Every structure is written in C-alpha cells, then in structure tokens.
Amino acid sequence: MRPSSDEVAQAILEYYELPEDPPAPFENFPGAAGLSHREVVDRIAADPGFQAERIAELKNDPALPQYREEASGLLASLAEAGLPVLVVEHLHQLQVNGEKLDYKAQVPLLVEWLDRTDYFPLMGELVRTLSFAFAKKQARPVFLKLFRDLPELRTAAGHEVTEYIREDLRWTIGLGLAKFAEPAVADEYLDLITDPKYGGARTALVSALPKLKDDRAAAVAMGLLDDPSVAHMAVRALGKLNHTEAKPRIQALMDDPPSTWDDNDVCNVRTEARKALKKPG
C-alpha cells in the first residue's frame, strides 16, 4: 500500500533528523565479495552513517541559507503538498519504504519555477529533477527555450558566474533533452545539434540522434565527425544507426585523428570508434 502524504512527509523529516553522531560509516559493512557494483553502491548509500555524513555536509554548506531563501516559495509549496525536502533535488534522490518519492503532481510547479528563476544552483537542480519521462510534455518546451538562450545567471554570493558554469547548465539541460528525444521533435533537435555555437553542450543530443528515427540523422552525424567537441558522440550515434557507410571515416579517425585535437578528444573518439567498428555490417 502506498503511504499517505502525511506518512511520506514524516519519513522525509525523520530522514533529515538522523543521529548527529551515528556509527562510523561502513563500520559493519560485510565487504564487497560476491556483490555487483550496483549492490555495493546501494548498500553504501543505505548506510545510516553515510546518510548522516551527507546530510551534515548539506546542512553545514555555507551556500545553503541563500539557496533556501532563493527557493523559499517553491520549498514551502512542496512542504504543503507533503514533500518537505531540504533541497529540490532530493525529490528524485530520496526513498520512502524503498520507493522513490512520487512528485508527478508537482511537475507544473517545478516547470514554472525553472522558467522564472535565474539562480544557477536552483536551476540545475530543477533541470535534473524534471529530466524524467513523466515530466517530458511540460518540461521539454522550457528545456528547449533555455538551451537556446540561457538567461543572465546568478550564483552563490561571493562566486562568479563563469562561462564554464553557463555551459555546465546548458550541458545538463542537453542531458534532459536527450531523454526526451523522439520523432515529433526531430526538426528542433536537429537545429540544435547542427549549430556549432552550442559546442560540447550538444553531446547528449548527438548521442540521441537514433531516437529521432529521422532519415537525416546519419548524414547529420557524419557532418559532425570533424567537430572534436561532439565527434565521439557522432561516432556512437553512427554505430547505433548501424550506418555502415561511415566505417571508413570512423576507422580513419581512430587511426589518424586530426593533429589539432587534444588528447582527451582523441581518447574519446577512439573509445567510441572501437565499439562502433565491432558492429556487424
């Protein structure tokens, strides 16, 4: 039986009131023998000591008061709805009785706040919290608008909004858009993917080209093989599309990448090329 909103709210509040001095993290951890990586991660994440440390870090974060002030109206509305989270991102991170929080009904509120805030820490959390299939219809138009034209951003007091911060947010939005990719938005996505001014923020969008199921996808990916910022994802897309005509170009990139590319770009392309060239055809 799904817990009531009051029970969910109580569980969230109890989560934030973990003992101040819990057992040392992993004190009784039996070890990783026989466990998968996922099982190890899940067991560590469930450890009360680990949880308490993370919550203490969050509560002691000097940027938290400003964040809470910037998001005060949103957090109050979420609390009224039975979701008294300390930060927005906990909506998709916390669990109650082993189940993720159900915040689908709050998607319109979250989208509204994303469209009106310019506070970088809150925007990033909102994007990540909305990057799920159930939010696609309402979140995607705002994601597209923001990807094309980010507002002037503000961040925590005493910190500068650098170009790296702006591109990091656009990259995060791109990840969400990639999850929302489908044939109905092929034209809009292809416009973004082929526009070099968006640089590496297009990475996830390029990888999602096969999801568009568009006849132009392979040609677009081929046209990106000369762009070091996204070439590795273009190679991945061509592999997923099983575009056999691309194999000579991919092989050439792996054997003799452009001398102007940096080591990281070359490594990324070679990694994806090895996978793509193994595909039959």
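Mentor: Helix α14 is mostly covered, with eight of its 11 residues buried, where buried means under 20% relative accessible area, exposed means over 50%, and partly exposed is in between (1.4 Å probe, protein chains only). The model is a predicted one, in which local features need pLDDT of at least 70 and side-chain atom pairs count only at pLDDT 80 or more, while totals for chains, interfaces and linings use all residues. Residues are numbered from 1 along each chain as its sequence is written, and side-chain values use heavy atoms, with hydrogens and water left out.

The buried residues of α14 are A231, H232, M233, A234, V235, A237, L238 and G239. These residues pack against α12, α13, α15 and α16 (263-278), contact being counted when heavy atoms lie within 4.5 Å. Helices here are DSSP runs of H or I with at least four residues, strands are runs of E with at least two, and both are numbered from the N terminus.

Leaving aside residues up to four places away in sequence, T203 touches W171, S229, V230, H232 and M233, and H232 and M233 are among the buried residues of α14. T203 itself counts as buried because its relative accessibility is 14%.

At the other end, the residue to look at is N242, which takes a positive phi of about 50° just after α14. Most residues other than glycine have a negative phi. N242 lies in the loop between α14 (231-241) and α15 (247-255), and with a relative accessible area of 40% it is partly exposed. K213 also has a positive phi near 50° without being a glycine; K213 is placed in the loop between α12 and α13 (217-223), and its relative accessibility of 70% is why it counts as exposed.

F147 and Y198 are both buried.

As for the chain that carries these parts, its secondary structure comes to 16 helices and two strands, and its C-alpha trace spans about 60 × 50 × 45 Å along the principal axes. Of its 281 residues, 44% are buried. Among the contacts in the chain with a separation of 6 or more, 66% are between residues 24 or more positions apart. The chain exposes about 15,100 Å², of which carbon and sulfur atoms supply 52%; accessible areas come from the Shrake-Rupley method with a 1.4 Å probe, and for residues only the protein chains shown count as cover.
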